Structures are given as C-alpha cells and as structure tokens.
Amino acid sequence: MSKQFKAAIVEEFGPTLTVRETDLPEPGPFQALVKNVASGICHTDVHAACGDWPVKPEPAFIPGHEGVGEVVKLGPGEHDVKVGDMVGNAWLWSACGVCEHCLSGHETRCEKAEYGGYTVDGSFGEYMLVDTRYCPRIPEGVDYQEIAPILCAGVTVYKGLKVTNTKPGQFVVISGIGGLGHIAVQYAVAMGMRVIAVDIADDKLELAKKHGAEYTINAKEKDPAEAVVEYTNGGSHGVLVTAVHSDAFGQAINMTRRGATIVFNGLPPGEFPVSIFNIVLKELTIRGSLVGTRKDMAEALDFYARGLVKPTWKQVGLDDVNDVFTGLIDGTIDGRRVIKY
Ligand code: NAD
Ligand code: ZN
Ligand code: ZN
C-alpha cells in the first residue's frame, strides 16, 4: 500500500470538509513534495469548497493556498530549490511561462495557470506538491505560521494597493477588514497612504485602528460613501475592496474623488449596480486584481521580513477547518486562522 497522509478534503460542494487519510503524491518534473508546517485559511477556500464561482474545481480536492513547509523530495530534473528549503504554495501555483501575459510580466493573467487548492491540491494537509519554478521562497528567520497569511492575503493586497496608484499622503479606503483587509491597512500605512477603513463590524474596525487606520466607518450605521467624501473633502484617491458582500462594491465607486482608481480584490458571487454617468464624469478607473506575480510575492514577503507588516492570527488544528469556515461565513473571524501541522 502507498504511503498516506492526513488532509481536509472537499468531497462534494458545501462548507463541510472531511478530514481523512489520502495517498501521498509523487513529485513530477519541476515539482517538489513539501511537508507542511503551517497553512492560513482564506475566504477563497470557502468559495472553492462551496463551488461559488462560475469556473468550479472538481471534487474531491484539497483546498489551501497559504501553505508553508519544508521540501522533502524533488521530482526529476533540475530545480532551483533543494531538499530542506522552506517554501510555500500560492494561489498562482504555476503559469505557462510562454503566453503573451507571461512574457509581458503579467503571469497572473495566464490562461493556463494552475491554482493552489483549486485546480491542484493545496495546503490543508500534512503534505503538498509545489512547482519549484513558481513556489514562494520563505525568508530565513521568520515565524512560519505568522508569515503564512502573506502568501495570499498579503501579496493580494500589496499588489492591489500598488495598482490603486495612490501616492504617499493621499487617501485610500480599505473596504472589508478581514484576513486581507487588516493586512492591507498595514501595507498602506507602510507605503505612506492615509488609511480609512470600512467594515460592518466594530471589532474589525478596532483592529484597523490598531494597525494604523486614521478613520473608520461602520457601513451598517452610516452611508460609507457619504462619510468618506466628507472626511476627505471630496472623495478618496484610491479604494481597495476586499469585502465579501456585493454592497461594498457599488459603495466603493461612490466614495471617490475625480480621477480615482478603485481596485476589486474581494470575490463574492453576484453583481452590483453602478452609475455610468459617475464613472465617466469623474474619469474613474475600476480594475480587478488577482493575487500577484512571483516578483510581487517576493516584495510582499520582504515587507514582512523587515517588520513592516505583521498579521493578526490565531493557531488552529487541521480538525478545526470546518469551524473556521463557519466563522468566515458568519464574519466572526478576526485577522487570520493558521493551521499548525
Ligand atoms: P474574510 O472573511 O476574512 O473578510 C471579509 C471581510 O468583509 C469581513 O471583515 C467582513 O466583515 C467584511 N464585510 C462583509 N460585508 C461587508 C460590507 N458590506 N462592507 C464592508 N465589509 C464587509 O475574507 P478574506 O479572506 O479577507 O477574503 C476576502 C475576499 O477576497 C474573498 O471574497 C476572497 O475570495 C477574496 N480574495 C481575492 C483574492 C484575489 O486575488 N483577488 C485573493 C484572496 C482572497
Ligand atoms: Zn486566498
Ligand atoms: Zn501563460
């Protein structure tokens, strides 16, 4: 019988995973087998398990794309990492390397990309496979659990903030202060932006304040667009939406000053109404942003290694995954939960 390992598996779509033994995979060409020490739990894992999006993964699969572990075996061929190195998996698990997007430094747009914990098995297990050409390298001397949320939440908001084109001293709104948003506040502060935080829960807004937001708005208590326009004397220069409710997306467009850029990171299923007139008159830029390239990842990890960002997180076990999913759906998780193996 082949060797087995313990993993949390989506057997059929829904928020309940099955924790059981499964066969240990063999690393193929350009692949490494990694023994995990930690994995963050992202709201994307909930969307994946529930089959929320138009392009669905195929059960049975193992979610998880904030994994950190040690390389224990290399597949055939030459590799840029060696046994004993600490690496991560990521949402952008691999890309083709030769299409117009890959060649122009936009590998997140690759149509042949593989996604960790979605099209390939992820880090909700004691072992995982990575592609050694694409896997993040974990800097030396860091806390392996604390760095895990940087591998998705961190890189995603770091890249998202960059493409808001907000300059130091200008206003940026972070809408949604969950796993992504509480780290976004910190990157934005480190980049010299003036941060306004929006959420629907006061404890999330407290967390945003702790991490450096100068003004916070509970969108359940007042109209966040009006409040931002008033506080900023005309509207924010940039907005980053990480919220998991579609209401936040229309509001984001209405809280901007002329010429602003609104970046969408959050991926709730659904649509939202928007005024064409406002977009044209205010010359707004609205763009989506998907995780980051390998270069964005190295930069985002470096911010962490230099002490500029520090995720708020709590340790859980693999058996706690379903409880964490319930908390993410209910909006009661502060920061991130990180599995320790
Ligand atoms: P999370 O559950 O930790 O945080 C979501 C936050 O949104 C919570 O704090 C919640 O209170 C808040 N929220 C809910 N409704 C709101 C509203 N109407 N206005 C303002 N805030 C509201 O989730 P997360 O792990 O931070 O992920 C957030 C979203 O980002 C998910 O949809 C996830 O799939 C997506 N995501 C996208 C990328 C990407 O590359 N674009 C990467 C990672 C995650
Ligand atoms: Zn994620
Ligand atoms: Zn490609």
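Helix 1 is largely enclosed by the rest of the structure, because 7 of its 8 residues are buried.

Me: Happy to start there! Is this an experimental or a predicted model, and which residues of helix 1 are buried?

Reply: The model is predicted. The buried residues of helix 1 are His43, Thr44, Asp45, Val46, His47, Ala48 and Ala49.

Me: What do the buried residues of helix 1 pack against?

Reply: Here is a general idea to begin with. Residues three or four places apart in an α-helix point the same way, because there are 3.6 residues a turn. In this structure, the buried residues of helix 1 pack against strand 3 (31-40), helix 11 (321-330) and strand 16 (336-340). After helix 1 comes Gly51, with a positive phi near 65°.

Me: Now the metals. Which residues coordinate the zinc ion (ligand 2)?

Reply: When you read a metal site, look for the donor atoms. For the zinc ion (ligand 2) they come from Cys42 (SG), His65 (NE2) and Cys152 (SG), at 2.0 to 2.3 Å. His65 sits in the loop between helix 1 (43-50) and strand 4 (67-74), and Cys152 in the loop between helix 3 (144-147) and helix 4 (153-162), so the pair ties together parts that are 87 residues apart in sequence. Both His65 and Cys152 are buried.

Me: And what are the protein donors of the zinc ion (ligand 3)?

Reply: They are Cys96 (SG), Cys99 (SG), Cys102 (SG) and Cys110 (SG), lying 2.3 to 2.4 Å from the ion. Along the chain, these donors follow the spacing C-x2-C-x2-C-x7-C. The site is tetrahedral, with angles of 105 to 119° among its 4 donor atoms.

Me: Why does Cys102 count as buried?

Reply: Cys102 counts as buried because its relative accessibility is 12%, and buried means under 20%.

How values were computed
Residues numbered from 1 in each chain as written. Chains lettered and ligands numbered in written order. Predicted model: local features only at pLDDT ≥ 70, side-chain atom pairs only at ≥ 80, totals over all residues. Heavy atoms only, no water. Donors = N, O, S within 2.8 Å, 3.2 Å for Na, K, Ca; no water. Tetrahedral: all angles 85-135°; square planar, octahedral: opposite > 155°, others 65-115°. Buried < 20%, exposed > 50% of the residue type's maximum accessible area, 1.4 Å probe, protein only. Helix = DSSP H or I, 4+ residues; strand = E, 2+ residues; numbered from the N terminus. Contact = heavy atoms within 4.5 Å.
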